[in-house]
Amino acid sequence: MLKGKAAAITGSTSGIGLGMAEALAAQGCDILINGLGDEAEIERIRSGLEDRFGVRVRYSPADMSRPDEVRAMVAEAEAAFGRLDVLINNAGIQHTEPIEAFPPERWDAVIAINLSSAFHSIAAALPGMRRRGWGRIINTASAHGLVASVEKAAYVAAKHGIVGLTKVVALETAGTGITCNAICPGWVRTPLVERQIERIAAERELTIDAAARELLGAKQPSGAFVTPAQIGAMAVFLCGDAAEQITGAALPIDGGWTAQ
Ligand code: NAD
């Protein structure tokens with residue numbers, strides 16, 4: 001379905017981003033992956049995607065907290081593939097603490113990586129998409145883009161912000177062949193969440209399994225984690241013709257979290 005198209009996916013060396021990279025590559029899309037981590041491990045992921053799916057896969061180490069590197073990453077994708085049709089803003093970090101104790105530098109980092117990077121990448125990617133008359137922009141927001149939780153001031157602010165940014169971009173691109181949507185996952189068992197599970201386990205003297213059940217039980221009525229593959233499938237759907245008229249939406253995939 002996406003043969004001949006190219007995507008850039010930020011934060012795709014792990015978790016949800018990697019799930020989306022696999023799903024798009026399986027549809028024949030060339031991919032620029034991005035993220036931090038061990039160089040050898042990232043090369044294994046990059047070449048693994050090429051081998052499994054027969055697409056071209058490039059890696060950019062751009063740091064999403066640095067606007068110049070974000071914009072350069074978009075240019076690199078366009079240079080490598082001759083086009084950038086799909087942009088997925090997914091890189092994200094978490095910090096949990098009550099607001100009075102929340103370190104200002106962690107606030108700045110969360111806002112820069114989870115929100116401002118999307119502003120820069122979208123601004124850089126749109127001119128090419130407009131020229132080609134086709135584009136798909138997908139922002140990984142969160143259930144926390146729709147509702148709040150305690151101790152997540154920066155994360156909830158950034159995720160609500162990205163839902164707002166999604167709507168503005170949708171309006172500014174309406175009727176051009178470009179859509180912009182946000183995916184709002186509930187709990188997905190990735191390294192970002194594993195750290196929160198470990199904290200619950202330590203604080204309440206629980207096993208990791210019991211802490212994971214506790215985390216799910218507090219928010220996610222289905223009692224099960226969303227998987228990166230399920231989110232990847234949603235991203236593929238948003239790239240397809242059937243989703244041509246879906247734009248400016250914040251789509252939950254959260255086991256009922258935000259239905260409450
Ligand atoms: P993860 O920790 O597995 O992946 C995060 C990715 O972002 C990694 O590839 C990491 O290298 C990259 N990254 C972090 N800082 C970066 C930086 N400065 N520059 C470039 N890349 C950077 O976490 P995940 O759970 O897969 O999170 C992906 C996205 O999904 C995030 O935006 C997160 O907020 C969102 N999300 C996660 C959940 C969940 O339950 N896991 C739920 C809702 C939304």
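Me: What makes strand β6 largely enclosed by the rest of the structure?
Reply: In this predicted model, 8 of the 8 residues of β6 (residues 178-185) are buried, so the strand is largely enclosed. Buried means under 20% relative accessible area, exposed over 50%, partly exposed in between, with a 1.4 Å probe and protein chains only. Strands are DSSP runs of E, at least two residues, and helices are runs of H or I, at least four, numbered from the N terminus.

Me: Which residues point each way from β6?
Reply: I178, C180, A182 and C184 point one way. T179, N181, I183 and P185 point the other way. All are buried. In a regular strand the side chains alternate between the two faces of the sheet.

Me: How do you know that β5 and β6 pair?
Reply: Two strands pair if DSSP finds at least two bridges between them. Here 6 bridges join β5 (residues 135-140) to β6, and the strands run parallel. N139 stands opposite A182 in β6. On the count of bridges, β5 and β6 therefore pair.

Me: What about β6 and β7?
Reply: β6 and β7 (residues 250-253) pair over 4 bridges, in the parallel sense. C184 stands opposite P252 in β7.

Me: Why is the unit of β5, α5 and β6 called right-handed?
Reply: The strands are set pointing away from the viewer; a crossover is right-handed if the path from the first strand over the helix to the second then runs clockwise. β5, helix α5 (residues 153-173) and β6 make such a right-handed β-α-β unit.

Me: Why is T166 called buried?
Reply: T166 lies in α5. Its relative accessible area is 1%. The cut-off is under 20%, so T166 is buried.

Me: What makes the T166 and N139 pair a polar contact?
Reply: A polar contact is a pair of N or O atoms within 3.5 Å; within protein, one must be able to donate a hydrogen and the other to accept it, and residues adjacent in sequence count only if both atoms are side-chain atoms. The side chains of T166 and N139 make such a contact at 3.0 Å.

Me: How are residues numbered, and what is counted?
Reply: Numbering starts from 1 along each chain as its sequence is written, and side-chain values use heavy atoms, leaving out hydrogens and water. Local features need pLDDT of at least 70, side-chain atom pairs count only at pLDDT 80 or more, and totals for chains, interfaces and linings use all residues.
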